[in-house]
Amino acid sequence: MSYKRTAVFAAGLVAAPAFAADITIYGTVNVDVESVEATGAANPGQDFKSRSRVTSNSSNIGFRGTEELGAGLKAFFQVESQVNVDDGTSSGFWASRNSGVGLLGNWGQFILGQWDSPYKVATVRIDPTGDVGIGGYSGIIGSSGATTAGQGGSNFAQRASFERRISNVVQYWTPTWGGVSARFAYGATDSSLGSASTGVAESTGLKPQLFAGNVAYENGPFYATLAYEQHNDFQSLNTLLGAAPSKGKDQGWKAGVAYRFLQSFTVGAVFEHLEYKADNINGLGELKRKVDNWYVSARYETGPHNFALAYGHKGNDKLSGAGLSELPDSQAYQITARYAYSFSKRTQLYALATRITNESNAMQNFGNSPITPTTLFRDPARGADPTGYGVGMIHTF
């Protein structure tokens, strides 16, 4: 449920014409108390011992509005911001989530600003958590957790992730025809180029860019989708191996399907194939990394009760070129269980448990609120198994 407020700016105070506009204020506050740990590292001294914390799970507040322009055309805007209600920090607060301006009509809509990638949104509904909190499926799907970053990003996790909110984006969404709809996005290089903080120096000639799209079909209880995303010159493998910058292309494909039985039981599945390619690793030539991931979920709802169980699997890292080959013992598995009780459509209590099991050369972490700042392959904490339990509350307005 959202609240509408009329913002009236009094002209008399500044000797300017007055105007009024309807603005919808909305948001979500999702907070839980958790116990988390990551033990079993290849180097036992790098274990992350059990501790408790309170986490603000993608809590947010937003403002949106539209203006009728005539002939079926509307202008719209949205400014959505993260709210860290657990500790009150405000870094990156304003417009840190889906924010932009655009036009919409019977031909569809386009957006300029920052928005979730079509690749990300294609399958997020198959995750019972909506990919929010430590149980989110981005612990497996999308490679390295959910991220918001300019094209390329500044570290391996940001450069490798396909579960991302795109900065500096142009998006187009089609209308729905017979249950079929599609989204397309382009992420511009923008300030990534020439920025020392992102490691994309002007002298490299690299211009990180992103292209993404999805197509979805929904008919009653059935939903199916295909999605693709391409990253040009993100340097994920160069960053991973501490190599000099080079051109390259990373690609992700995934398919998802969900079906709801008898209005109460929903099952879903996602399959994903990721490929990373660097054109040159320190003079040793081209290097490729390939990973296959999959995820299944089941959810049962009866009255105010909601039960969910999910399982994800990350495959071995298959490396080729630059003198490298398949990395053994690099698989990972995540299992999540969740129970929720809804007092109303806006207020819910929940409890969850999740565990990621990493083989000795894997370092998957919680996709949201990770508990260690680790880097795959090079970090001594690889092989540790993140485990978490939480009890929390969600309120939307």
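Hi everyone. Let me start with a cut-off: a residue is buried under 20% relative accessible area, exposed over 50%, and partly exposed in between. Lys277 sits at 22% relative accessibility, so Lys277 counts as partly exposed. Please keep in mind that what you have on screen is a predicted model.

Let's stay with Lys277 for a moment. Its side chain meets that of Glu286 in a salt bridge, with an N to O distance of 3.9 Å. And Glu286? With a relative accessible area of 39%, Glu286 is partly exposed too.

Now, which side chain does Arg289 meet in a salt bridge? The partner is Asp317, at 2.5 Å from N to O. This pair links distant parts of the chain, 28 residues apart. Arg289 belongs to strand 15, residues 287-302, while Asp317 lies in the loop between strand 16 (305-314) and strand 17 (318-320). Are these two buried or exposed? Arg289 has 2% relative accessibility, so it counts as buried, and Asp317 is buried with a relative accessible area of 0%.

Another one to click on is Glu80 with Arg97, where the closest N and O atoms are 2.8 Å apart. Here too, distant parts of the chain are linked: Glu80 is in strand 5 (residues 73-82), and Arg97 is in the loop between strand 5 and strand 6 (99-105), 17 residues away. Glu80 counts as buried because its relative accessibility is 7%. Arg97, at 14%, is buried as well.

The salt bridge count comes to 13. Some of them share partners, joining Asp116, Lys120 and Arg165 into one network.

On to the nonpolar side chains. In soluble globular proteins, nonpolar side chains tend to be buried together. In this model, the largest nonpolar core has 15 residues. Among those with the most contacts inside it are Tyr119, Phe162, Leu237 and Leu274. Which elements give two or more residues to this core? They are helix 2 (118-123), helix 3 (156-160), helix 4 (236-241) and strand 14 (265-278). Strand 14 supplies the largest share, three residues.

Beyond its neighbours within four places in sequence, Leu274 is in contact with Tyr119 and Phe162, among others. Its contacts also include Arg289, the salt-bridge partner of Asp317.

Finally, there is a second, separate core of 13 residues, which includes Ala38, Tyr350, Ile356 and Ile371.

Methods: Residues are numbered from 1 along each chain as its sequence is written. This is a predicted model: local features need pLDDT of at least 70, side-chain atom pairs count only at pLDDT 80 or more; totals for chains, interfaces and linings use all residues. Side-chain values use heavy atoms; hydrogens and water are left out. A nonpolar core is a set of buried Ala, Val, Leu, Ile, Met, Phe, Trp, Tyr and Cys residues joined through side-chain atoms within 4.5 Å. Buried means under 20% relative accessible area, exposed over 50%, partly exposed in between (1.4 Å probe, protein chains only). Helices (H or I, at least four residues) and strands (E, at least two) are DSSP runs, numbered from the N terminus. Contact means heavy atoms within 4.5 Å. A salt bridge is a side-chain nitrogen of Lys or Arg within 4 Å of a carboxyl oxygen of Asp or Glu.
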